[in-house]
Amino acid sequence: LALATTYSLDPDTLLSLPVHMALAERSSTRDADPVKLLESLRRISKKFTVFVDHTGIKPPSSEKTLFGLLEPMLVPVKAPRGGVFHPKIWVLRFIKPASNDPALIRLLILSRNITFDRSWDISLQLDGRPGKELIPANEQLGNLISDLPSFGIYPVEEENKGSIKLLAREVKRTIWEI
């Protein structure tokens with residue numbers, strides 16, 4: 001599961017994420033399998049939600065049928081008290097199949113939007129595993145994550161809401177590694 005927040009978004013940049021995933025699964029000597037590219041995009045679109053300021057979605061540079069497959073991932077939002085929606089965070093949840101280990105939560109705090117901008121950027125990456133106790137320092141971040149669907153211009157699908165609530169609960173209990 002994953003979510004991201006951004007002020008501006010270029011569909012070409014977002015489309016590059018599942019393409020990189022599909023390319024990583026192949027041998028470097030083989031051409032990319034177009035079916036695997038489509039399958040990668042289909043899989044990621046069910047597990048990744050991107051909240052973007054409703055004014056920040058760049059029109060596509062060209063007509064690509066694949067852009068339509070990105071739509072389930074995108075949630076145009078408005079800042080709750082006016083202004084612009086400007087946070088740039090990613091929360092990713094990794095699990096090891098057939099294991100009882102708690103999930104690994106990765107938090108990225110970025111200065112970068114989801115664009116091909118070539119500006120210098122800064123980022124912070126924190127990894128941790130959820131514990132049993134709530135961590136008071138994580139409460140505001142967890143609340144932001146759980147409130148994200150309410151900022152949407154359109155209703156967020158129930159499946160996505162459930163994933164987001166899970167991420168918010170786990171972030172509130174995650175002990176970050178220094």
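**Reading cores and ring pairs in a predicted model**

Q: Let's start with one residue. Where does Leu148 sit?
A: Keep in mind that this is a predicted model. Leu148 is in the loop between α4 (139–147) and α5.

Q: Is Leu148 buried or exposed?
A: Buried: its relative accessibility is 0%, and the cut-off for that label is under 20%.

Q: Which residues does Leu148 touch, leaving out those up to four places away in sequence?
A: Leu3, Thr5, Phe51, Val77 and Phe85. There's also a C-alpha separation to look at: Leu148 and Ile164 are 16 residues apart along the chain, with 8.3 Å between their C-alpha atoms.

Q: How should I think about a nonpolar core?
A: In soluble globular proteins, nonpolar side chains tend to be buried together. Here, the largest nonpolar core has 19 residues, and Leu3, Phe51, Val91 and Ile145 have the most contacts inside it.

Q: Now the rings. How do I read an aromatic pair?
A: You describe a pair of aromatic rings by the distance of the centres and the angle of the planes. Searching the whole structure turns up two such pairs. In one of them, Phe48 and Trp90 have ring centres 5.3 Å apart and planes at 35°, so that pair is tilted.

Q: Where in the chain are Phe48 and Trp90?
A: Phe48 is in strand β2 (residues 48–53) and Trp90 in strand β4, so the pair links distant parts of the chain, 42 residues apart. Both partners are buried, Phe48 at 3% relative accessible area and Trp90 at 15%.

Q: What is the geometry of the Phe85 and Phe151 pair?
A: Edge-to-face, with 6.3 Å centre to centre and 65° between the planes. Phe85 lies in the loop between β3 and β4, and Phe151 in the loop between α4 and α5, so this pair ties together parts 66 residues apart in sequence.

Methods
Residues are numbered from 1 along each chain as its sequence is written. This is a predicted model: local features need pLDDT of at least 70, side-chain atom pairs count only at pLDDT 80 or more; totals for chains, interfaces and linings use all residues. Side-chain values use heavy atoms; hydrogens and water are left out. A nonpolar core is a set of buried Ala, Val, Leu, Ile, Met, Phe, Trp, Tyr and Cys residues joined through side-chain atoms within 4.5 Å. Buried means under 20% relative accessible area, exposed over 50%, partly exposed in between (1.4 Å probe, protein chains only). Helices (H or I, at least four residues) and strands (E, at least two) are DSSP runs, numbered from the N terminus. Contact means heavy atoms within 4.5 Å. Rings of Phe, Tyr and Trp (its six-membered ring) pair if their centres lie within 6.5 Å; planes under 30 degrees apart count as stacked, over 60 as edge-to-face and the rest as tilted.
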